Amino acid sequence: MNADVEFHIKQRYLWARLPGNVKQQLGNSQEEYEKCIVSFSVRNQLRHKGNLVRSVMKDDKRYYETLLRYSREHLMLFPYHLSNVVVKGMRVTPFQYYVNMMQDLMMQEKSYDSLPNFTAADCLRLLGIGQIGRAHV
């Protein structure tokens with residue numbers, strides 16, 4: 001996805017409002033544009049309500065499940081800015097999120113060092129598991 005497409009997603013352009021050159025970059029495919037919208041929204045952990053992704057994915061629960069799965073697989077911080085939806089609506093707490101992340105990490109036999117610094121700090125804060133502590137789990 002290039003900068004032009006991202007710009008138009010940020011500006012919340014629907015397919016009908018896209019300039020011709022951007023449509024050409026997407027192969028004149030509305031489906032491709034919709035995939036880009038979902039991908040951009042998930043990668044940037046955008047809220048479903050009030051964003052362009054709402055016009056593409058009507059089911060907000062499925063969207064947030066996709067967002068959480070992507071975030072966990074890419075070792076991203078828990079989306080605290082979405083906690084009113086994620087914790088209250090989906091009943092996924094930061095503790096559960098990081099426990100699942102640590103399980104994934106161990107199942108893949110990856111090192112604790114593969115966690116980004118802020119994610120590792122949040123894991124330590126919530127789980128009490130640091131670099132040395134993981135060896136005892």
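**Figure 1. Contact between helices α7 and α8 in a predicted model.** In this predicted model, Pro94, Phe95, Tyr98, Val99, Met101 and Met102 of α7 meet Thr119, Asp122, Cys123, Leu126 and Leu127 of α8; contact means heavy atoms within 4.5 Å. Helices (H or I, at least four residues) and strands (E, at least two) are DSSP runs, numbered from the N terminus. The residues of this contact divide into nine nonpolar, one polar and one charged. Here Ala, Val, Leu, Ile, Met, Phe, Trp, Tyr, Cys and Pro count as nonpolar, Asp, Glu, Lys and Arg as charged, and the others, Gly among them, as polar. The two helices, α7 and α8, pack at an angle of about 115°, and their axes are 10 Å apart. Axes are lines fitted to C-alpha atoms, for helices over the stretch in contact, and angles run from 0 to 180 degrees between N-to-C directions. The crossing of α7 and α8 is left-handed, a term for a near helix turned anticlockwise from the far one by less than a right angle (right-handed if clockwise).

Residues are numbered from 1 along each chain as its sequence is written, and side-chain values use heavy atoms, with hydrogens and water left out. Since the model is predicted, local features need pLDDT of at least 70 and side-chain atom pairs count only at pLDDT 80 or more, while totals for chains, interfaces and linings use all residues.

**Figure 2. Methionine 101 in helix α7.** Methionine 101 is placed in α7 and is buried, with a relative accessible area of 1%. Buried means under 20% relative accessible area, exposed over 50%, and partly exposed in between (1.4 Å probe, protein chains only). Not counting residues up to four places away in sequence, methionine 101 touches Ser71, Arg72, Leu75, Met76, Leu115 and Thr119. One of these residues, Arg72, is 29 residues from methionine 101 along the chain, yet the two C-alpha atoms are separated by 5.8 Å.

**Figure 3. The largest nonpolar core.** This core has 35 residues, of which Ile9, Leu26, Tyr33, Met102 and Leu115 touch the most other members. A nonpolar core is a set of buried Ala, Val, Leu, Ile, Met, Phe, Trp, Tyr and Cys residues joined through side-chain atoms within 4.5 Å. At least two core residues come from each of α1 (3-10), α3 (30-43), α5 (60-73), α7 (94-107) and α8 (117-127). Helix α3 supplies the largest share, six residues. Isoleucine 9 is in contact with Met1, Tyr33, Cys36, Ile37, Phe40 and Leu52, leaving aside its neighbours within four places in sequence.

Figure 4. Isoleucine 37 is in α3 and counts as buried at 3% relative accessibility. Its contacts, leaving aside neighbours within four places in sequence, are Ile9, Leu52, Val53 and Val56. Isoleucine 37 and methionine 57 are 20 residues apart in sequence and 9.6 Å apart in space, C-alpha to C-alpha. Serine 41 is also in α3 and is buried, with a relative accessible area of 2%. A polar atom of the serine 41 side chain lies 2.8 Å from the backbone oxygen of isoleucine 37. Beyond residues up to four places away in sequence, serine 41 touches Leu46, Val53, Tyr63 and Leu67.

**Figure 5. Glutamine 45 in the loop between α3 and α4.** Glutamine 45 is found in the loop between α3 and α4 (53-56) and counts as buried at 11% relative accessibility. The side chains of glutamine 45 and serine 71 are joined by a polar contact of 2.9 Å. A polar contact is a pair of N or O atoms within 3.5 Å; within protein, one must be able to donate a hydrogen and the other to accept it, and residues adjacent in sequence count only if both atoms are side-chain atoms. Not counting residues up to four places away in sequence, glutamine 45 touches Leu67, Ser71, Met76, Leu77, Pro79, His81 and Leu82.

Figure 6. Asparagine 28 lies in the loop between α2 (20-25) and α3. Its phi is near 50°, a positive value in a residue other than glycine, and asparagine 28 is exposed, with a relative accessible area of 52%. Glutamate 109 lies in the loop between α7 and α8. Phi of glutamate 109 is near 55°, again positive in a residue other than glycine, and glutamate 109 is exposed at a relative accessible area of 72%.
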